[in-house]
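Please keep the model open while reading.

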Amino acid sequence: MSNSWKLNEEGLRILAAVDRIAREVIEPRAATTDKEGRFPRENIDAMRNAGLLGLLSAKEMGGQGQGIRSAVAVAERIARDCPSTAMITIMHNCATTAIEHFGTEDLRKAVATRGQLATLAFSETGSRSHFWVPVGTAERNGNGIRLNGSKQLITAAGKCDLYVWSSKPVAAQGLSTIWAVPSDAKGLTISAPFDGLGLRGNGSAPITARDVLVSESSRLGEDGKGFDVMMGVILPYFNVQSCAVSLGMMEGALARAVQHVTNSRYSYDSSKIADLPQVRGHIARSRVKIDLVRGFLLDAVEAVEQQRDDVMLRVLESKVAGAETSLEVLDLAMRVCGGAAFRKDVAVERFFRDSRAATVMAPVTDALYDFIGKSTCGMPLF
Ligand SMILES: Cc1cc2nc3c(=O)[nH]c(=O)nc-3n(C[C@H](O)[C@H](O)[C@H](O)COP(=O)(O)OP(=O)(O)OC[C@H]3O[C@@H](n4cnc5c(N)ncnc54)[C@H](O)[C@@H]3O)c2cc1C
């Protein structure tokens, strides 16, 4: 296996384990996961059994102690076969990052050693993609906290163990406060299962919280400081891993498109689709676009690791670079596969549908363009 992510020995060992799970468990189930819109429980179990749900948890908690570079490598590998599973994984990793920073020891161990699956529950029916201004509430209730709110499209809803949940502050000034909420807490309901266009396996569904009681110790960060947690701790991991998922999808689709155009023939002269120079040109354009994103993503990872001056710009750009390029590359993959691209067995159409999600997952591409424009013009982002 090439070491394009420049992983250390431990990172390479982990990636090899993920590669094996992807080949033996994830890929064989990918078509059914998509067709049935089924949560890929076996994939998550395989990851848990290999200790991979503790990828970003500290070693002293029982985790793997890895950082953003390994998270990117893992997300990209899984997305080559099953973007739904990759999205569940990156949501878990983002939630883990907040839990590692601010959670109690028991909570951190729940993820690191007991393999609990976590996700982000930020997006609300009221504030939609503007997750930084939740309208759900948190009120003091005796010694604890009472949460009320309505979340939309939460990955792994009802399938995970923990939600990293946003609300308005309890008492402090500020836009939000973050909580760790057990998925079996009384008062949480999921109204309808997910039946989406793409990422059909990731179980994104609305969740309503009605008088859900949590302890004060489940707060992640200070009351009123949720914005800092979202932007300073979670956003770099979310945007950079989202780019990795887009990259993996592009690699997965290109590999399947190449398989089709190099094996399908015109019987009158036995020529292949790939013998057409126009088709090879589209394949070449795709290769160049994918490699540009790969090089960019590697630089973004370094910017985060080294906390370079341009880190915020790179973080904002990374999700856009992956999302926008994947739309172009998946269009090309559909084109070169022709009518066959509409067949499920060629599998390119699955990646085509899956690739649409990154643009509308918050922070949405249009908002990111606004932030990048402001940053480039020296204006405050908010
Ligand atoms: C498959 C999937 C999984 C998801 N998983 C999760 C999850 O695990 N956790 C979670 O919290 N959320 C999740 N979401 C929700 C997601 O993060 C977004 O909040 C949601 O998709 C936004 O949709 P909306 O219709 O509410 O957006 P709207 O806010 O209605 O935006 C619609 C459009 O308006 C434009 N727009 C909006 N805001 C701006 C702006 N500031 N500047 C410029 N243009 C703007 C954009 O063109 C945008 O696409 C998921 C969504 C999907 C599709």
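Ala, Val, Leu, Ile, Met, Phe, Trp, Tyr, Cys and Pro count here as nonpolar, Asp, Glu, Lys and Arg as charged, and the others, Gly among them, as polar. By that scheme the shell around the ligand holds 14 nonpolar, seven polar and three charged residues. This is a predicted model: local features need pLDDT of at least 70, side-chain atom pairs count only at pLDDT 80 or more, and totals for chains, interfaces and linings use all residues. Residues are numbered from 1 along each chain as its sequence is written.

**Ligand shell**
- Of the 24 residues around the ligand, Ser123, Arg128, Ser129, Thr155 and Asp366 come nearest.
- At least two shell residues come from each of β1, β3 (144-154), α10 (357-360) and α11 (365-376). Helices (H or I, at least four residues) and strands (E, at least two) are DSSP runs, numbered from the N terminus.
- Domain 2 (120-224) and domain 3 (227-376) each give the shell at least three residues. Domain bounds come from an automatic or database domain assignment.

**Sheet**
- Three strands make an open, mixed sheet in the order β1-β4-β5. Two strands pair if DSSP finds at least two bridges between them.
- β1 (118-121) and β5 (177-182) are the edges; each has a single partner strand, so one side of each lacks a neighbour in the sheet.
- β4 (residues 162-167) pairs with β5 in the antiparallel sense over six bridges.
- Within β5, valine 181 stands opposite tyrosine 163.

Notes. Near = placed C-beta within 6 Å.
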